[in-house]
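Before going through this model residue by residue, take a moment to look at the sequence and the fold. The questions that follow move from charged pairs to rings and then to the backbone.

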Amino acid sequence: QLQLVESGGGLVQPGGSLRLSCVASGFTLESYAIGWFRQAPGKEREGVSCISGRSGVTYYADSVKGRFTISRDNVKNTVYLQMDSLKPEDTAVYSCAARLGPCTIVGGRPVAYTMNYWGKGTPVTVSS
């Protein structure tokens, strides 16, 4: 059974850092695009970052470019999202999702409806 499980969320002060993990089971991440999405209370879900299957090409939303870094460890079958210089507006539930092949990007963001498999999410709160 294909499954994605996120971890690493929590409470952090503005300017702080967190590293989110997305562990896959039931399939090999290397061939899949993995995207990170977030949804803040009362707002629509938005794409944050994506790493394409095979090529490993990465994409970032403008709002997180230079602050977030997506990476993949094929041995651990895990994708990470390193989040630095966090801001209160980064507060949201972060979810990872997978689709076979490359990322689908519109306006610099991964597109949620093209992803086939989803984790349940991990909450991130940036507050002093």
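Predicted model: local features only at pLDDT ≥ 70, side-chain atom pairs only at ≥ 80, totals over all residues.

Q: How many residues apart in sequence are the parts that the pair of Glu46 and Arg109 ties together?
A: The side chains of Glu46 and Arg109 meet in a salt bridge, at 3.5 Å from N to O. Glu46 lies in strand 5 and Arg109 in strand 11 (residues 109-110), so the parts that this pair ties together are separated in sequence by 63 residues.

Q: Are Arg67 and Asp90, whose side chains meet in a salt bridge, buried or exposed?
A: The side chains of Arg67 and Asp90 meet at 2.7 Å, N to O. The pair links distant parts of the chain, with Arg67 in the loop between strand 6 and strand 7 (68-73) and Asp90 in the loop between strand 8 and strand 9, 23 residues apart. To count as buried, a residue must have under 20% relative accessible area, and both Arg67 and Asp90 are buried.

Q: Which side chain of opposite charge is nearest to Glu6?
A: Glu6, placed in strand 1 (residues 3-7), is buried yet has no salt bridge. Its side chain instead reaches two backbone nitrogens, that of Cys96 at 2.9 Å and that of Gly121 at 2.9 Å. The nearest side chain of opposite charge is 8.9 Å away and belongs to Lys120.

Q: Why is the ring pair of Phe37 and Trp118 classed as it is?
A: The count comes to three aromatic pairs. The rings of Phe37 and Trp118 have their centres 4.9 Å apart and their planes at 50 degrees, so the pair is tilted. Phe37 lies in strand 4 (residues 32-39) and Trp118 in strand 12 (residues 117-118), so the pair ties together parts 81 residues apart in sequence. Because planes under 30 degrees apart count as stacked and those over 60 as edge-to-face, the class that remains is tilted.

Q: The charged end of which residue sits over the ring of Trp118?
A: Trp118 counts as partly exposed at 29% relative accessibility. A charged end sits over its ring, 4.2 Å from the centre, and that end belongs to Arg45.

Q: Where is Arg54, which has a positive phi of about 65 degrees, found?
A: Most residues other than glycine have a negative phi. Arg54 has a positive phi although it is not a glycine, and at 61% relative accessibility it counts as exposed. Its place is in the loop between strand 5 (46-51) and strand 6 (58-60).

Q: What distance separates the C-alpha atoms of Leu18 and Met83?
A: Leu18 is found in strand 3 (residues 18-25) and counts as buried at 15% relative accessibility. Among the residues that Leu18 touches are Leu81, Met83 and Val124. Although Leu18 and Met83 are 65 residues apart along the chain, their C-alpha atoms are separated by 5.2 Å.

Definitions and conventions
Residues numbered from 1 in each chain as written. Heavy atoms only, no water. Helix = DSSP H or I, 4+ residues; strand = E, 2+ residues; numbered from the N terminus. Buried < 20%, exposed > 50% of the residue type's maximum accessible area, 1.4 Å probe, protein only. Lys, Arg positive; Asp, Glu negative; His and termini not counted. Salt bridge = Lys/Arg side-chain N within 4 Å of Asp/Glu carboxyl O. Polar contact = N/O pair within 3.5 Å; in protein donor to acceptor, adjacent residues only side chain to side chain. Contact = heavy atoms within 4.5 Å. Phe/Tyr/Trp six-rings, centres within 6.5 Å; stacked < 30°, edge-to-face > 60°. Lys NZ or Arg CZ within 6 Å of the ring centre and 35° of its normal. Lists of a residue's contacts leave out its neighbours within four places in sequence.
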